[in-house]
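Hi everyone, thanks for making time this morning. I'd like to walk you through one model, so please have a look at the screen.

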Amino acid sequence: MFLGHYGLAFAAKRVAPRTSLGALSFAAQFLDELWPILLLLGVEQVRIVPGYMINSPLEFTNYPYSHSLLMSIVWALLIGSVYYLLRRDRRGAWVLGLLVVSHWFLDVPMHARDLPLWPGASSPKVGWGWWNITVLTYAAELTICLGGLSVYYRATRARDRIGSWGLWLYVIVLMAIFLSSNGAPSSVPVLAWSALGLWLFVPWAWWVDKHREFQPFVGNTGALQRPPL
């Protein structure tokens, strides 16, 4: 899953309006942001196997610290706690934590049976293999991403051109990466360094969000109502 993670980050703005889209996208993609760092350190391993799956050439042989269910919960608690200590925003902290864990659950349909429940050789591994079914891959990614984007777009409005054009450029770049991601990288280090580019979307999302403002709910009477904090 790639676009779907950003889709959930977009949608989360509606329920955590005080939290920046940068923080939301950071949390939603944290497991994949951590993964290339652990690859470069030699802590986790992956094999590049062209044709391994129709929509992914990557055989994830060992990634218990970035992509096991147990560790995703640990990372969620850590990130949510740090955010709460810094911002004193209980709702935002919960949403960030849930976004971190959501990454693992969104990956389950896409991956081969390689996602561990906990670190260690004894852990069962799960995955439904939708990356081998192109229709399901595209349907899942685009439905979640565009649905979340629709929620974000209706929940916020642009203050200026940056808030408008910056958002659409952000989405276009994400779509371009998704559509061009089936090719096999030349080596694992090249893959890892390329994947570190995900970190660039955190300040970009923060920047765009700073140029948009949250719109209150519209109740049944037509009066503007702010969501409870």
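Let's start at Arg157, which is partly exposed, with a relative accessible area of 42%. Here buried means under 20% relative accessible area, exposed means over 50%, and partly exposed is in between, with a 1.4 Å probe and protein chains only. Before going on, a word on the source: this is a predicted model, in which local features need pLDDT of at least 70 and side-chain atom pairs count only at pLDDT 80 or more, while totals for chains, interfaces and linings use all residues. Residues are numbered from 1 along each chain as its sequence is written, and side-chain values use heavy atoms, with hydrogens and water left out.

Which side chain does Arg157 meet in a salt bridge? That is Glu213, at 2.6 Å from N to O. By salt bridge I mean a side-chain nitrogen of Lys or Arg within 4 Å of a carboxyl oxygen of Asp or Glu. This pair links distant parts of the chain, with Glu213 in strand 6 (residues 212-214) and Arg157 in strand 5 (residues 156-158), 56 residues apart. Helices (H or I, at least four residues) and strands (E, at least two) are DSSP runs, numbered from the N terminus.

Glu213 also forms a salt bridge with Arg159, at 3.6 Å from N to O. Arg159 lies in the loop between strand 5 and helix 8, so this pair ties Glu213 in strand 6 to a part 54 residues apart in sequence. Arg159 counts as exposed, at 53% relative accessibility, and Glu213 as partly exposed, at 25%. Put together, Arg157, Arg159 and Glu213 are linked in a network of salt bridges.

The count of salt bridges comes to four. Another one joins Asp209 and Lys13, whose closest N and O atoms are 2.8 Å apart. Asp209 is in helix 10 (residues 201-210) and Lys13 in helix 1, 196 residues apart. Are these two buried or exposed? Both Asp209 and Lys13 are buried.

Now to the aromatic side chains. The structure holds 17 aromatic pairs. Rings of Phe, Tyr and Trp (its six-membered ring) pair if their centres lie within 6.5 Å; planes under 30 degrees apart count as stacked, over 60 as edge-to-face and the rest as tilted. Tyr6 and Tyr170 make an edge-to-face pair, 6.4 Å centre to centre with 85° between the planes. Tyr6 sits in helix 1 (residues 3-15) and Tyr170 in helix 8 (residues 161-179), so the pair ties together parts that are 164 residues apart in sequence. Tyr6 is buried, with a relative accessible area of 2%, and Tyr170 is buried, with a relative accessible area of 2%. Phe60 and Tyr63, by contrast, are stacked, at 4.9 Å centre to centre and 5° between the planes. Phe60 and Tyr63 are buried too. Back at Tyr6 and Tyr170, they belong to one aromatic cluster with Phe2, Phe10, Tyr152, Phe201 and Trp204.

Last stop, helix 9 (residues 188-195). Its buried residues are Leu191, Ala192 and Ala195. Seen down the axis of helix 9, they fall within an arc of 95°, so they line one face of the helix. That arc is taken from the directions from the helix axis to the C-beta atoms. On the other side of helix 9, Trp193 and Ser194 are exposed.
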